[in-house]
Amino acid sequence: MDFTRIIELASYTLPAIVTGFVAYSFFELHIKNNDRKRAFLLNKQAHSESLPIRLQAYERMTLYLERINLTKLLIRIAPISNEKHDYENFVIDQIEQEFEHNLTQQIYMSDECWTIITTAKNSTIQIIRKAAMSDRVDSADKLREVILNDLLEKQSPSNAALGYIKNEVAELW
């Protein structure tokens, strides 16, 4: 084979190889862009479908925290007897029952938010138990009075959790 024949063959082959490489690169880039676009649209659709459910979960937990706010809770739940331990257990049972009713909402919230809600519930129960153990409490009415007076000095645990929920919902937008 002579040298001119090799150059002629290279002059036909080299443009074909370059064209093939450019076409391959273009189609690979095109396919990647389409995959990213499809993934973005699926994510956007899933987010728009799950957002109302997530907001409903935050609404339910807001209602729960409002209901276990000690000021509102003690006004709403009147003592059934004069015995402080009966009233203490009754109020705590109400908090626990409502919490169990809303347990499924945790799958729609962040772990940190759920932990804060659980901490608010436990702190509320702890305040009730601590007040019931006090020497100055001898009746259900006195228990209510002591707890309500203590809340004048400090914030209810559910208020702090409500603030966190509001911040987390604001981040959803």
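## Ile 147 and its contacts

Ile 147 touches Leu 70, Leu 74, Ile 127, Ile 128 and Ala 131, leaving out residues up to four places away in sequence. Contact here means heavy atoms within 4.5 Å. Ile 147 sits in helix α5. Ile 147 is buried, and its relative accessible area is 0%. The classes are buried at under 20% relative accessible area, exposed at over 50%, and partly exposed in between (1.4 Å probe, protein chains only). Ile 17 is another matter: 130 residues separate it from Ile 147 in sequence, and 84 Å in space, C-alpha to C-alpha.

## Model and confidence

This is a predicted model, in which local features need pLDDT of at least 70 and side-chain atom pairs count only at pLDDT 80 or more, while totals for chains, interfaces and linings use all residues. Residues are numbered from 1 along each chain as its sequence is written, and side-chain values use heavy atoms, with hydrogens and water left out.

The mean pLDDT of the chain is 90, and 99% of residues score at least 70. pLDDT is the predictor's confidence in each residue, from 0 to 100. Helices are DSSP runs (H or I, at least four residues), as are strands (E, at least two), numbered from the N terminus.

## Helix α5

Helix α5 has 14 residues. Its first and last C-alpha atoms are 21 Å apart, close to the 20 Å expected at 1.5 Å a residue. The expected span is 1.5 Å times one less than the number of residues.

The buried residues of α5 are Ala 140, Leu 143, Arg 144, Val 146, Ile 147 and Leu 151. They lie on the same side of α5 because they cover an arc of only 165° around the axis. That arc is taken from the directions from the helix axis to the C-beta atoms. The face turned away from the buried side carries the exposed Leu 152 and Glu 153. Cover for the buried residues includes α2 (70–76), α3 (84–101) and α4.

## Leu 74 in α2

Leu 74 belongs to helix α2. Leu 74 counts as buried, at 1% relative accessibility. Beyond its neighbours within four places in sequence, Leu 74 contacts Tyr 87, Val 91, Arg 144, Ile 147 and Leu 148. Leu 74 and Leu 143 are 69 residues apart along the chain, yet their C-alpha atoms are separated by 9.6 Å.

## The nonpolar core

The largest nonpolar core has 37 residues. Such a core is a set of buried Ala, Val, Leu, Ile, Met, Phe, Trp, Tyr and Cys residues joined through side-chain atoms within 4.5 Å. Tyr 64, Leu 65, Val 91, Ile 95, Ile 117, Ile 147 and Ile 165 touch the most other members. Two or more residues each come from α1 (3–67), α2, α3, α4, α5 and α6 (157–172). Helix α4 gives the most, with nine.

Ile 165 touches Tyr 58, Met 61, Thr 62, Leu 65, Cys 113 and Ile 117, not counting residues up to four places away in sequence. Helix α4 has 23 residues. Among its buried residues are Cys 113, Trp 114, Ile 117, Lys 121 and Ile 127.

## Asn 102 in the loop

Asn 102 lies in the loop between α3 and α4. Asn 102 counts as buried, at 4% relative accessibility. Its side chain makes a polar contact of 3.0 Å with that of Arg 60. A polar contact is a pair of N or O atoms within 3.5 Å; within protein, one must be able to donate a hydrogen and the other to accept it, and residues adjacent in sequence count only if both atoms are side-chain atoms. Asn 102 touches Arg 60, Met 61, Tyr 64 and Trp 114, not counting residues up to four places away in sequence.
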